[in-house]
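Dear colleague,

I am handing over the structure that you will find just below, together with some notes on it. Please read the notes with the structure open beside them.

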Amino acid sequence: MAGRRLVTWLLVIVVLVIGAVIIAPIVVAWRVEAAIAENFPGTTDVDVRVRTAPWRLIRGTLDSVEVEARRALLGEIIADQLSVRLRDVQLDLSRLMLERTLAVARVGDGEGMVVLGHEDVARFLATARGVGRPVVTLAGGVVTIEGDVRVGTVDLRARLEGRLVVSSPTTVDIRVQTLTVSGIEIPEEIGRMLVGNLNPLITLRGIPLPVRIESVAADEGQVRIHVRVGDRI
């Protein structure tokens, strides 16, 4: 009888351990999804995958976290897609579980991709940079922007072609190649001054993680920004 009772308790312990291994990371992933939705207004289709051992999870340490989201508000601009893969992550579990706050204490390293559509860039130009009726084309590494700009008290139609360049760890500028205002081509030096208020064109300061932009490319109607993430970048 005692032997059977011991076997039963051992089975219960094994089931509890297996349950913890399977369920605990899923619960944390759900809470991270809720925290992202809470802290990034408008974000949709959030999918989070967490991998860690239960004994590490007790301390809030995660082996890896993968996040896929759409329409994420990153500072002043909305990203159509946000993909992040993090390793060696330390979370404040009490704040995550009780307050739905994504309190990240440490990220060892990781990488990510931010994708913007031409509509996202056009919306940013209209709302944050005051460009009227903006139309944005992204192809072959070239960004073409058409819009109304104010010169003195007059609104003029301008057309700009340029390339995106990484200007700081968290910002991207547009480097002017050609600029025409009402059909008249403007010298490059003057063009840089006239469009100075457009830069930075993209900022990722809204990401609550240590981020460094590695590269940026514009093609097929999208801006694709590759980033490194973590305390060791």
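Predicted model: local features only at pLDDT ≥ 70, side-chain atom pairs only at ≥ 80, totals over all residues.

Residues are numbered from 1 along each chain as its sequence is written, and side-chain values use heavy atoms, with hydrogens and water left out.

The protein chain holds five helices and twelve strands, taken as DSSP runs (H or I of at least four residues for helices, E of at least two for strands) and numbered from the N terminus. Of its 233 residues, 40% count as buried, that is, under 20% relative accessible area with a 1.4 Å probe, protein chains only. Among the contacts (heavy atoms within 4.5 Å) with a separation of 6 or more, 51% are between residues 24 or more positions apart.

Six strands form an open sheet in the order β1-β2-β3-β4-β12-β11, and their pairing is antiparallel; two strands are taken to pair if DSSP finds at least two bridges between them. At the edges lie β1 (44–51) and β11 (211–219), each of which pairs on one side only. On average, neighbouring strands of this sheet are turned by 15° against each other, direction ignored, with axes fitted as lines to C-alpha atoms, for helices over the stretch in contact, and angles running from 0 to 180 degrees between N-to-C directions. Between β1 and β2 (residues 61–74) there are six bridges, and Val 48 has Val 67 in β2 as its bridge partner.

Helix α4 (residues 118–128) packs on this sheet, where it touches β2, β3 (77–91), β4 (104–117) and β12 (222–229), and its direction makes about 95° with that of β4. The buried residues in α4 include Val 121, Phe 124 and Leu 125, and just after the helix Gly 130 takes a positive phi of about 70°.

Gly 130 is also one of the residues touched by Asp 148, along with Val 131, Gly 132, Arg 133, Leu 156 and Arg 157, when residues up to four places away in sequence are not counted. Asp 148 lies in strand β6 (residues 142–151) and counts as buried because its relative accessibility is 17%. Its side chain is joined to that of Arg 133 by a polar contact of 2.7 Å, a term for a pair of N or O atoms within 3.5 Å, where within protein one must be able to donate a hydrogen and the other to accept it, and residues adjacent in sequence count only if both atoms are side-chain atoms.

Technical notes
Buried < 20%, exposed > 50% of the residue type's maximum accessible area, 1.4 Å probe, protein only.
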